[in-house]
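Here are my notes for a first look at this entry. Please keep the sequence and the 3D view open while you read.

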Amino acid sequence: MREIHVDRITEVVSDLCQRANRYLPEDVVGALRAAREQETSDTAREIMDQLLRNAEIAADEGIPLCQDTGVAVVFADLGQDVHIVGGGLQDAINEGVRRGYEEGYLRKSLVADPLERATNTGDNTPAVVHVSLVPGDMLTLHVAPKGGGSENMSALWMLTPAQGRQGVIDAIVAQVRAAGGMPCPPLVLGVGLGGTFELAALLSKRALLRSLGEPSPLPEVADLETDILEAVNATGVGPMGLGGRTTALAVHVERHPCHIASLPLALNLQCHAARHASADT
């Protein structure tokens, strides 16, 4: 049994909050550069250049990629041979978020009462925490700040089984087309397919942690990802909704068995600032 003190967890979460908000992952930068070279629209290419320059400035000056520094979503993969000492996991994560957002001068975006806009919590806590019990004696923490613009355009459907594969593609394409420029494309699409109402949504968000463009290890799911990406980019929504070939950079589908009477589908839209940072403790 390996012990991890809560102070260490707090320290790591604080650092991850700041890193995720300041540094665009290299896989995202690479995808933006590749998409820029494939664009035929002058406007789309100019937008891509601005996005890449924005990422460069944020990294060089240690400032946020976007003014919306999001809700702190934390995925904790907790080894079954880990014993957390000195306090509780949830409290340690929240303290890390509190410190990270205060020390990093990151915008605090949470209201305590969803129906009362004047109840800002003041420190961007509580975090949204998802814990998975895994083999081993490590704790892996993933911090993925989620901005309001892209989150607001996300969706969940309980399709009928008869709608099938094409129904899944059609629902996603219609949602992306309706969203237009509001979620700040080019996007990364996290898709949860199957499970239940709540699991599909969780799968769609977890899917955004995958390295950009890394296909599913399941061939039939990888083919679905390719077909969704092609259909979404054929909409012509383009960067920032101003037209172009690149509406999405990647599609990541996570699949789970479901009830014979159901076809749950969730779509979590992520803007071009596909922010996330991870660390082992």
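How many disulfides does a search of the whole structure find?

1. The search finds zero. Bear in mind that this is a predicted model. The cysteine pair to look at is Cys 184 and Cys 271. From the sulfur of Cys 184, the closest cysteine sulfur is the one in Cys 271, at 5.9 Å. A disulfide needs the two sulfur atoms within 2.5 Å, so this pair is too far apart for a bond.

2. Cys 271 is buried, and its relative accessible area is 13%.

3. **Overall build.** The protein chain has eight helices and twelve strands. Its radius of gyration is 19 Å, close to the 19 Å given by the globule rule for 281 residues, so the chain is as compact as a globular protein of that length. The C-alpha trace spans about 55 × 50 × 40 Å along its principal axes.

4. Buried residues account for 52% of the 281 residues. The chain exposes about 12,900 Å², and carbon and sulfur atoms supply 52% of that area. Take the contacts between residues at least 6 apart in sequence: 81% of them join residues at least 24 apart.

5. **A four-stranded sheet.** Follow the order β6-β2-β7-β12. These four strands form an open sheet with mixed pairing. The edge strands are β6 (128–134) and β12 (277–280), each pairing on one side only. From one strand to the next, the twist averages 15°. Strands of a sheet pair through backbone hydrogen bonds, parallel or antiparallel.

6. **One pairing in detail.** Strand β7 (residues 139–146) runs antiparallel to β12, and four bridges join them. Among the residues involved, Thr 140 has Asp 280 in β12 as its bridge partner.

7. **A helix across the sheet.** Which strands does helix α7 lie across? Helix α7 (residues 197–206) lies across β2 (71–79), β6 and β7. The angle between α7 and β2 is about 95°.

8. **Pro 219.** This residue is found in helix α8 (residues 219–233). Pro 219 is exposed, at 55% relative accessible area.

Definitions and conventions
Residues numbered from 1 in each chain as written. Predicted model: local features only at pLDDT ≥ 70, side-chain atom pairs only at ≥ 80, totals over all residues. Heavy atoms only, no water. Helix = DSSP H or I, 4+ residues; strand = E, 2+ residues; numbered from the N terminus. Buried < 20%, exposed > 50% of the residue type's maximum accessible area, 1.4 Å probe, protein only. Pairing = 2+ DSSP bridges. Axes fitted to C-alpha atoms, helices over the stretch in contact; angles between N-to-C directions. Contact = heavy atoms within 4.5 Å. Rg over C-alpha atoms; globule rule 2.2 N^0.38 Å. Areas by Shrake-Rupley, 256 points an atom, 1.4 Å probe, with all protein chains shown as cover.
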